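Dear colleague,

Please find below the structure that I am handing over to you. My notes on it follow, beginning with the chain as a whole and then turning to its core and its sheet.

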Amino acid sequence: MKEKISLLIRLQYCDNRIREILTKKGEGPLEIKKFEDDLRKVESEIEEERSKFDTLRKERHRIEQEVQELDQKIEKSTIKLSHIKSNKEYTAALKEIDDLKKAKFITEDKIIEVMEKIDGMEQGAAERELRIKELRAEADKNKERILQELAILDRELADLEEKRRLFTKDVEPDILRKYLFLHERKNGLAISSVVTGVCQTCHLEIPPQKFNELIRGNALMTCPHCNRIMYWGDDEDFQKVKSML
Ligand SMILES: [Zn+2]
């Protein structure tokens with residue numbers, strides 16, 4: 001009986017590890033996707049900033065043209081001034097020139113404002129470019145690491161599947177059927193150790209008489225509470241099997 005139980009312990013180990021590996025294998029591509037999503041987010045932020053930058057540069061150009069136009073108007077009005085005869089017209093023309101000059105000052109202030117914004121953005125853009133460079137390098141490094149881990153998992157999985165195939169060949173068909181039945185219905189755990197009278201999976205106590213029977217180890221027994229195949233966890237032979245896994 002001990003040999004049969006030992007085989008099931010090994011089989012359960014393979015199944016547990018296979019399940020872990022399959023979960024990890026599913027996480028790898030998700031992790032890669034997360035890095036790529038983060039990168040894309042920063043890239044789109046940079047793109048947005050770039051378009052704001054372009055708008056500001058156009059704005060600067062437009063205001064500069066405005067100043068030029070005002071200069072031309074001031075020049076024209078000044079020339080006109082020398083041809084004016086009446087005092088009233090002269091005063092009006094002077095006021096016009098004065099207004100144009102005021103408008104020019106205000107517009108020049110706007111240029112300074114826009115240029116300050118552009119300076120700030122140029123600095124921010126340089127920092128972002130540096131950040132995206134770092135993020136790209138990090139994403140590449142992580143992707144490579146994850147792919148390497150996945151390759152290692154694939155090798156281990158193939159190895160485990162082969163071991164599992166050999167173990168199932170050695171288990172008696174009736175016992176294997178029971179194991180597979182429980183494995184499917186008991187959340188992947190078909191076999192449980194019992195230590196000091198307590199099932200280590202459902203954590204309930206086994207009646208003392210049953211526990212004594214289990215220690216003797218003459219029959220294949222199941223936990224009266226969770227129905228899993230049970231074995232005495234303190235048995236040295238089983239501990240040896242487990243330490244070799
Ligand atoms: Zn149990």
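What percentage of the 245 residues in the protein chain is made up of buried residues? In this predicted model, buried residues account for 11% of them.

Overall form

The protein chain contains 5 helices and 4 strands. Read from the N terminus, these elements follow the order α-α-α-β-β-α-β-β-α. The radius of gyration of the protein chain is 41 Å, whereas the globule rule gives 18 Å for 245 residues, so the chain is more spread out than a compact globule.

The protein chain is divided into two domains, with domain 1 covering 13-170 and domain 2 covering 173-244. Their centres, taken over C-alpha atoms, are separated by 61 Å. Among contacts in the protein chain with a separation of 6 or more, 73% are between residues 24 or more positions apart.

The nonpolar core

The largest nonpolar core consists of 19 residues. Leu8, Leu11, Tyr179, Val194, Ile229 and Met230 have the most contacts inside it. Two or more residues of this core come from each of helix H1 (2-81), H3, strand E1 (191-195) and strand E4 (229-232). The element that gives the most is H1, with 5 residues.

Which residues does leucine 8 contact, once its neighbours within four places in sequence are left aside? They are Val171, Tyr179, Ile191 and Ile229.

Helix H3 comprises the 13 residues 173-185. After H3 comes asparagine 187, which has a positive phi, near 50 degrees.

The sheet

The 4 strands form an open sheet in the order E2-E1-E4-E3, and the pairing is mixed. Its edge strands are E2 (198-199) and E3, each of which pairs on one side only.

How do E1 and E4 pair, in the parallel or the antiparallel sense? Their pairing is parallel and extends over 4 bridges. Across this pair, serine 193 stands opposite tyrosine 231 of E4, and valine 194 stands opposite tryptophan 232 of E4.

E3 (residues 221-222) and E4, by contrast, run antiparallel and are joined by 2 bridges. In one of these positions, threonine 222 has isoleucine 229 of E4 as its bridge partner. E3 and E4 form a hairpin, with 6 residues lying between the two strands. Within the turn, asparagine 227 has a positive phi of about 70 degrees.

In a regular strand, side chains alternate between the two faces of the sheet. In E4, Ile229 and Tyr231 point one way, while Met230 and Trp232 point the other way. All of these residues are buried. Ile229 and Met230 are also among the residues with the most contacts inside the largest nonpolar core.

I would be grateful if you would look through the structure with these points in mind.

With kind regards

How values were computed:
Residues numbered from 1 in each chain as written. Predicted model: local features only at pLDDT ≥ 70, side-chain atom pairs only at ≥ 80, totals over all residues. Domains from an automatic or database assignment. Rg over C-alpha atoms; globule rule 2.2 N^0.38 Å. Buried ≥ 20, exposed ≤ 12 C-beta atoms within 10 Å, placed from the backbone. Contact = placed C-beta atoms within 7 Å. Expected span 1.5 Å × (residues − 1). Core = buried A, V, L, I, M, F, W, Y, C linked by C-beta atoms within 7 Å. Pairing = 2+ DSSP bridges.
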